[in-house]
Amino acid sequence: MQRFGEWLEIKIPKEWAQNTVFHVLSKELGASKSLIQKWNSSSAIKRNNSKADVNHQLQTGDRLFLHIFGDEDYGVLPEYQMIDVLYEDDHLLIVNKRAGIDTHPNEAHQKGTLANGIAYYYQSNGLQIRVRHIHRLDKDTSGAIIFAKHDLAHSLLNHALELRKIKRTYIAIIEGKLPQPKGKIDQPIGRDRHHATRRRVSPQGQRAITHYQVEQYVAINHLSIVSLQLDTGRTHQIRVHLSSIGHPIIGDVLYGGKKGFIGRQALHALKVALIHPFTAKKIEVQADFPTDMLPLLSKD
């Protein structure tokens, strides 16, 4: 597959031949049915030099084109921000979000979010494409976030996330010393009916699984530095789970964390690893720690 102007070109190999356009797009490429229907209705599919219907049969050597790189509305208002780019190509963008900003607007015309900054970044680089986040981070959590640069990448990356093929590693600084060097927290999470935004461990909640490993115990402050990976992506999952076992993240006052060490929850999305949906190459990036966490990480 390669980009050809505003089109993605796919050369049909022998093993894909004798199948319909719909089969190749859905089964071989992984596009959703709704996305294929959208392309079909907007004449965004070509075979060789002619418009293709989804029921057309493909032959070895055919060139299938998808119009996925055209101009789009940003979806949010562009606003100048410094964007820390960790990885970028025609299909996806990974950036290091700073703490203190929302991932995306929560109401119409909201500004000051990372999405607004991404829109400005696209605009300043001559791109007019929709801002599509693949996952989110809480306002006061820093670190790596993935954005898709067209609708097919959005569909494929969302699917990879659902299948847990996108690995995200977090670092948290928590209160106390864990009894085991590594472990798993498997507790369902639901809404707290007494608080508008808080979540809690609840038998009626959705299943949530967090894996942790202790990287360092800082005796002088009675704190532990832990790395975490998620099997699920519930709202506030890491924060709720660590609080539920009596080791809240420092600075996370919503879930019982102590004040004084840092002015927010000490949680950072350190690393993202995935197989690129178009090149099949492994992409692994690491987001530098924010300055407010560095003093706590460097203590012996």
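A residue counts as buried when its relative accessible area is under 20%. In this predicted model, His91 has a relative accessibility of 11% and is therefore buried.

**The surroundings of His91**

His91 lies in the loop that connects β6 (85-88) with β7 (92-97). Its side chain makes a polar contact of 2.9 Å with the side chain of His150.

Strands of a sheet pair through backbone hydrogen bonds, either parallel or antiparallel. Here, an open sheet is formed by five strands in the order β1-β2-β5-β3-β4, with antiparallel pairing. Its edges are β1 (2-4) and β4 (50-51), each of which pairs on one side only. Strand β1 is joined to β2 (residues 7-11) by three bridges, and the two run antiparallel. Within this pairing, Arg3 has Leu8 of β2 as its bridge partner. Helix α1 (residues 21-28) packs on the sheet, where it touches β3 (45-47) and β5 (63-67). The direction of α1 makes about 70° with that of β5.

**The pair α1 and α2**

Two packed helices are described by the angle between their axes and the distance between the axes. For α1 and helix α2 (residues 33-41), the axes come within 10 Å and cross at roughly 140°. Because of this angle, α1 is oblique to α2. The crossing in which α1 passes α2 is right-handed. The residues that make the contact are set out below.

| Helix | Residues in the contact |
|---|---|
| α1 | Phe22, Leu25, Ser26 |
| α2 | Lys33, Ile36, Trp39 |

**The enclosed helix α3**

Helix α3 (residues 114-124) is largely enclosed by the rest of the structure, because eight of its 11 residues are buried. The buried residues of α3 include Leu114, Ala115, Asn116 and Gly117. Ile118, Ala119, Tyr121 and Tyr122 of α3 are buried as well. The buried residues of this helix pack against β6, β7 and β9 (142-148). Just after α3, Gly126 adopts a positive phi of about 75°.

Terms used: Residues are numbered from 1 along each chain as its sequence is written. This is a predicted model: local features need pLDDT of at least 70, side-chain atom pairs count only at pLDDT 80 or more; totals for chains, interfaces and linings use all residues. Side-chain values use heavy atoms; hydrogens and water are left out. Helices (H or I, at least four residues) and strands (E, at least two) are DSSP runs, numbered from the N terminus. Buried means under 20% relative accessible area, exposed over 50%, partly exposed in between (1.4 Å probe, protein chains only). A polar contact is a pair of N or O atoms within 3.5 Å; within protein, one must be able to donate a hydrogen and the other to accept it, and residues adjacent in sequence count only if both atoms are side-chain atoms. Two strands pair if DSSP finds at least two bridges between them. Contact means heavy atoms within 4.5 Å. Axes are lines fitted to C-alpha atoms, for helices over the stretch in contact, and angles run from 0 to 180 degrees between N-to-C directions. Angles under 35 degrees count as roughly parallel, over 145 as roughly antiparallel, 65 to 115 as roughly perpendicular and the rest as oblique. A crossing is left-handed if the near helix is turned anticlockwise from the far one by less than a right angle, and right-handed if clockwise.
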